[in-house]
Amino acid sequence: MAGTGKSTISRTIARELAEKKRLAASFFFTRGKKDISHSRMFFTTIAAQLANSLPVLRPFISDAIDNNPAIFKRGLREQWDQLILSPLKGAPTQSIQLVVVIDALDECDSMDDIQLILQLIEEAKDLDTVRIKIFLTSRPEIPIFDGFRQLSGEAYRDFILHNIPVDTVNADISTFFLQKLSPLKAKHGLATPWPDEQTVEQLVERAAGLFIYAATTLRFIRDGINGPEEQLSLVLTATESSLSATEHLDGIYTTLLQQSVLGKRGYQECEQLAEWFRQVVGSIVVMFNTMPARNLAQLLQMPFNMVSRTLNSLRSVLHVPEDESQPVRLFHLSFRDFLQDSRRCSDSRFQIDEKERHISLFRRCMGHISQLQENMCDLWGPGVLITEIPNDTIQKCIPPHIQYACRYWFDHWQLGNRVEEDIKTIREFLEQHFLHWLEGLSLIGEVSNGAHIIIALEEILSVSCNAH
């Protein structure tokens, strides 16, 4: 399945399957979130859920783990064969047909893994004992199409959301606007009818089948700094009706940013607000994991009021929870794509330079982890097991922004605009704080990732030495 609205559909289907006790397992890939942006925990998660939903599989999966305790660190092929395919083949015959839901495969960060996953799950079609169907959603990207082309014709059926009759889609979007805008009419005492039929038709025309346009437009009208009538007027005058669906979406994003972030302020204040935007939202766009606003401010070494002010002006495109312990996140990846494409984001004040943001975050991370000290959790002895340390002690001594810096400084450096001065900073850090960093990784359960970083660093730094 491909197209706008896929995640909403897959979540609804997963919920309905669970209610009918037919959901075998589910995995929702999300780019930028630590454990669900890559495939390393994909098959292990599916296996764990299969063991819960189909108890007859438990002994087979348990035996696979006992026979290979390191299976969780093995490659996808080995995990699939031992944790899923073999247990399914060995299980007693089941009469019920179960479904595995895989959402947003395109948001897995490795294109090679995407194609391998498709090849592996095709093998489930030959199962005799357990009938498994796989419901998979993705945007229509080339690696996905290539992966499906390599499958046998009887292995899958596709359903492309963009191929739904236009009249059906438009009717749904029209109903959405009428139902969601109606409460605003009563709340603000607007004249009846509001919006009128012609206005709704204009909104539907601009949406051009994109539900994300409709949802973003609604939030802009509802949450904007002006009243809903003026906000609606801004939407209707933002783009010409003859533009494409993507151009309409870009138009609403541009209008939203100019009105919500900058408003009618003077030149100098607008420049300052745009700089805050690029720092705060630009960081959210490229970060590998989400975090609460206060921790984000700590990571960026910015006053919380600056970060909070920036985020609160963007509630139409960002989920900013009232509960400050919950992470801030983008409502839709199309906003990230818009900001990173200078051809789409016509206002240069809001354009996000991905490499610039990565190197900026690397330097922020390096500033934090260069302050690490020995025995940062004030442990009572050198032989203390991690399992003996209360989690709240670790969270207090190594807060989320420090944990993020320990885990991701190298990734940001690899993806950023590298300069020789940064390599010098890394060398000095390793000379002075290498053991402190390893201690921090150990405490937060990320030693394995640290090992990968060390291996990569050894090669990079040796090349740098040879170049000099």
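Let's start with a pair of charged side chains: Arg-294 and Glu-324 meet in a salt bridge, 3.4 Å from N to O. By salt bridge I mean a side-chain nitrogen of Lys or Arg within 4 Å of a carboxyl oxygen of Asp or Glu. Arg-294 sits in helix H13 and Glu-324 in the loop between strand E4 (318-319) and strand E5 (329-330), so the pair ties together parts that are 30 residues apart in sequence. Helices here are DSSP runs of H or I with at least four residues, strands are runs of E with at least two, and both are numbered from the N terminus.

Before I go on, a word on what we are looking at. This is a predicted model, where local features need pLDDT of at least 70 and side-chain atom pairs count only at pLDDT 80 or more, while totals for chains, interfaces and linings use all residues. Residues are numbered from 1 along each chain as its sequence is written, and side-chain values use heavy atoms, with hydrogens and water left out.

Back to our pair: are its two members buried or exposed? Arg-294 counts as partly exposed at 39% relative accessibility, and Glu-324 is partly exposed too, at 47%. The cut-offs are under 20% relative accessible area for buried, over 50% for exposed, and partly exposed in between, with a 1.4 Å probe and protein chains only.

How many salt bridges does the whole structure hold? A search finds 17. One of them joins Glu-446 to Arg-407, with the closest N and O atoms 3.5 Å apart. That pair links distant parts of the chain, 39 residues apart: Glu-446 is in the loop between helix H19 (420-443) and helix H20 (447-467), and Arg-407 is in helix H18. Both Glu-446 and Arg-407 are buried. Another salt bridge is between Arg-349 and Asp-347, at 2.7 Å from N to O. Here Asp-347 is buried, with a relative accessible area of 11%, whereas Arg-349 is partly exposed, at 26%. There is also a network of salt bridges linking Arg-77, Asp-81 and Glu-123.

Now let's return to helix H13, residues 293-300. Of its 8 residues, 6 are buried, so the helix is largely enclosed by the rest of the structure. Which ones are they? The buried residues of H13 are Ala-293, Asn-295, Leu-296, Ala-297, Leu-299 and Leu-300. Their cover includes H12, helix H14 (304-312), helix H16 (354-369) and helix H18 (400-415). After H13 comes Gln-301, with a positive phi near 55°, although Gln-301 is not a glycine. Gln-301 lies in the loop between H13 and H14.

Next, the nonpolar cores. A nonpolar core is a set of buried Ala, Val, Leu, Ile, Met, Phe, Trp, Tyr and Cys residues joined through side-chain atoms within 4.5 Å. The largest has 94 residues, and those with the most contacts inside it include Leu-257, Phe-277, Leu-311 and Trp-409. Helix H12 (residues 267-286) gives the most to this core, with 10 residues. Apart from this core lies another, of 40 residues, among them Phe-27, Leu-83, Leu-105 and Ala-124. What does Trp-409 touch? Leaving out residues up to four places away in sequence, its contacts (heavy atoms within 4.5 Å) include Phe-362, Met-366, Tyr-404, Phe-429 and Trp-437.

Phe-27 brings us to the sheet, as its bridge partner in E2 is Ile-102. The sheet is open, with 3 strands in the order E1-E2-E3 and parallel pairing; two strands pair if DSSP finds at least two bridges between them. Strand E1 (23-28) and strand E3 (131-136) stand at the edges, each with a single partner strand, so one side of each is left without a neighbour in the sheet. There are 5 bridges joining E1 to E2, and 6 joining strand E2 (residues 97-103) to E3. E1 is mostly covered, with 5 of its 6 residues buried.

Last stop: Ala-91, in the loop between helix H4 (76-90) and E2. Ala-91 is buried, at 4% relative accessibility. Which residues does Ala-91 touch? Not counting residues up to four places away in sequence, they are Val-56, Leu-57, Phe-60, Thr-129 and Val-130.
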